[in-house]
Structures are given as structure tokens and as C-alpha cells.
Amino acid sequence: MAKPRVLVTRRVPRECLELLKKHFDVEHYDRGTAIPRRRLLKSVRDKDGLLCLLTDRIDAELLAAAPRLKAVSTFSVGYDHIDVPACKARGINVTNTPGVLTESTADFTWALLMAAARRVVEGDAFMRGGKFKGWDPLMLLGGDVHGKTLGIIGFGRIGQAVAKRAGGFSMRVLYYDTRRAAPEAEKALGARFAPLKELLRESDFVSVHTVLDESTRHLLDGKAFRLMKRSAYLINAARGPILDEKALVRALKSERIRGAGLDVYEREPRTMPGLASCRNAVLAPHLASATVETRRRMGVMAASGLVDALICKARSPYAVS
Ligand code: GLV
């Protein structure tokens, strides 16, 4: 019997491809850049499964171009690039990669937080620019991390993993979410629920970990930044459009907040004009899950989502709806 046909839209870890090739007839767009839209629409036409990335839009136009499609698996935990209700209406399974990137993403959140607070990137540029003339009591002063208040917006897996690490820095942890965490989780993590405005007013570090949907788009705008302490830092390793990036540039330039650590942007791969010249922002190119181990795990999980749907014909444990 002919194997189901699958399209892979980007260069992926070897383990992911090996698993797919065992079960499927694979067409692979084996490049380190996003597949051009026209090519995607053409290639998906005769495919049963699609292994996509968060840089591919899976919308009505794509579904109309893919009459045979039965399964979409995204190589990401976020799936805001996929029209899940439209897939569901067509009976198309959608899977993602939850859990396997939680710890790496939490680690990176802390890397951004520490780099922003302690001016690591500025220090590096200073050294390489030959500007270091010896120890100076007032050189590149940052803000303390230990003993401060961390406000976490979105208290799911990743938010909670970030909270867990705050214990090592003796921090007070506040969190905001639309749902309260179980009292045992609050106790274990030493975290207290706070309404969003209170969290913004009280936190020295505000870290964003919520999903992107219509209720969280521009959740943090100019008004929110004005509620924050002038000495506060904003960290975002979730999704760019949760912040109003234009308002953030204004807040950073006017030092309405002291700094930011960003891994995601409103219109990736572009950044808002002015952001790159904010010396008080640490900018990373969407790297939070980018470790060898985690990307390998994500790849195998993404491939397994297609195997579950197209070979085992079973509901995948990674089904998103
Ligand atoms: C990365 O942003 C992901 O959603 O996995």
C-alpha cells in the first residue's frame, strides 16, 4: 500500500526526518528559511500530512489548497499560526509539541532577565569595543535580581517553571492568569495570585508567558507600561503581539521602564523601528527553545503527531483540540 504523503516545510533535526521517512513518503523543503507561500500552497495539494512551523500560516487559503490533508503537526508549542477551528471543521487533526520545551524556555527567560538587569550584552560590546579602561564604581550599573518581585503573566507550564527558578534568587513571585493555579501549586512555587494591574505596579520584573489569542493581543500596551515601576524590566519569550511593540519602544526610549529582554516580536522577523537602537533592550531572535536537546525532542514529537494521526489513526496525546 502506498505510504501517506507528508510535507515538511523547513530544515529540521535529523531524528525528526528519520521518523517521518520510516512511515511516509516525505517531500522536504530542506532550507533554513521559510517555505515561500506559493510553494507551500502548491506542495500541500497532494499531501495527507503537514509538518509545519510557526512561520507558516495554516489558514482557510491553505486548507482550500489541500483537499487530502488529514493532519497538521506544528514544530512548536504555540499554535496561534493555525486556524484550529477551521481544521477541526474539516476533520483535520492538529498537534503541537507541549512539555518538551518548558524547561529550556524557562532557562532562556532567565537568561534574558539576567542579561537585561545586569547589562551583559552592553558589557560585551564595551569589551569588544576596547572601551574597558579598568574597574569603575559607576560603570554599567544594573539592577539587582535577588530579593526582588517577579510578576509572571500566564501561569501555565512555562510560567510555573520560571517561578520555580525564582526561589533560587529569594524573589517574591506574583502571577496573573485567567485561571487561578491550584493552592498546592501556589504553595510549592511560593507564588501569589494578583490582578494584572497590581502585578504591574508591584513587580520589578514582569515576565510574559501567556498564549497569544484575541484576548491577549496587546495585553500590555502603553497604559500597562505606565503602571510599571520606572525601575522595572519587561521580559517576553512568549509571543510578540502580546505587547504593543510601538508603545514599548516609546517606554524604553523615554526610560519609562528601565529595560526589556525580548525573544519575540510583533511582526517577526522584523522589529519595530527604533527598537534595535534601544540600548536598554536585550534582543534575541526567537531562541527560547533553541537547544540541541530540546529541538531534537520537539522534532520527534512533531513527527509522532503525524504518525499518530495518519498511521495509528488514534487521537494523539499532543492533539490541541
Ligand atoms: C516557540 O515559540 C514555540 O511555540 O514552540
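The following legends describe close-up views of a predicted model. In this predicted model, local features require pLDDT of at least 70 and side-chain atom pairs count only at pLDDT 80 or more, whereas totals for chains, interfaces and linings use all residues. Residues are numbered from 1 along each chain as its sequence is written, and side-chain values use heavy atoms, with hydrogens and water left out.

**View 1. A patch of positive charge on the surface.** The patch gathers Lys197, Arg201, Lys223, Arg226, Lys246, Arg250, Arg267 and Arg270. Patches are made of residues with over 30% relative accessible area and no salt bridge, like charges being joined within 9 Å and nonpolar side chains (Val, Leu, Ile, Met, Phe, Trp, Tyr) within 5 Å. Lys and Arg count as positive and Asp and Glu as negative, while His and the chain ends are not counted; each charge is placed at NZ of Lys, CZ of Arg, CG of Asp or CD of Glu. Accessible areas come from the Shrake-Rupley method with a 1.4 Å probe, and for residues only the protein chains shown count as cover. At least two residues of the patch come from each of α9 (196–202), α10 (222–227) and α11 (245–253). Helices (H or I, at least four residues) and strands (E, at least two) are DSSP runs, numbered from the N terminus. Lysine 223, in helix α10, is exposed at a relative accessible area of 60%; buried means under 20%, exposed over 50%, and partly exposed in between (1.4 Å probe, protein chains only).

**View 2. Helix α5 and the residue that follows.** Helix α5 comprises the 17 residues 102–118. At 1.5 Å a residue it should span 24 Å, in agreement with end C-alpha atoms 24 Å apart; the expected span is 1.5 Å times one less than the number of residues. Because 12 of its 17 residues are buried, α5 is largely enclosed by the rest of the structure. Among the buried residues are Phe108, Trp110, Leu112 and Leu113. Arginine 119 follows α5 and has a positive phi, near 55 degrees.

**View 3. Salt bridges.** A search of the whole structure finds 24 salt bridges, each a side-chain nitrogen of Lys or Arg within 4 Å of a carboxyl oxygen of Asp or Glu. Glutamate 202 pairs with arginine 172, with the closest N and O atoms 2.6 Å apart. This pair links distant parts of the chain, 30 residues apart: glutamate 202 belongs to helix α9 and arginine 172 to strand β7 (residues 172–176). Lysine 47 and aspartate 46 form another salt bridge, at 2.7 Å between the closest N and O atoms. Lysine 47 is buried at 4% relative accessibility, whereas aspartate 46 is partly exposed at 29%. Both belong to a salt-bridge network that also links Arg5 and Glu27.

View 4. Most residues other than glycine have a negative phi, and most peptide bonds are trans. The peptide bond from glutamate 268 to proline 269 is cis, with omega near 5 degrees; proline 269 lies in the loop between β11 (259–262) and β12 (281–283). Histidine 218, in the loop between β9 (205–208) and α10, has a positive phi near 55 degrees and is partly exposed at 32% relative accessibility. Lysine 313, in the segment after α12 (292–312), has a positive phi near 50 degrees and is exposed at 66% relative accessibility.
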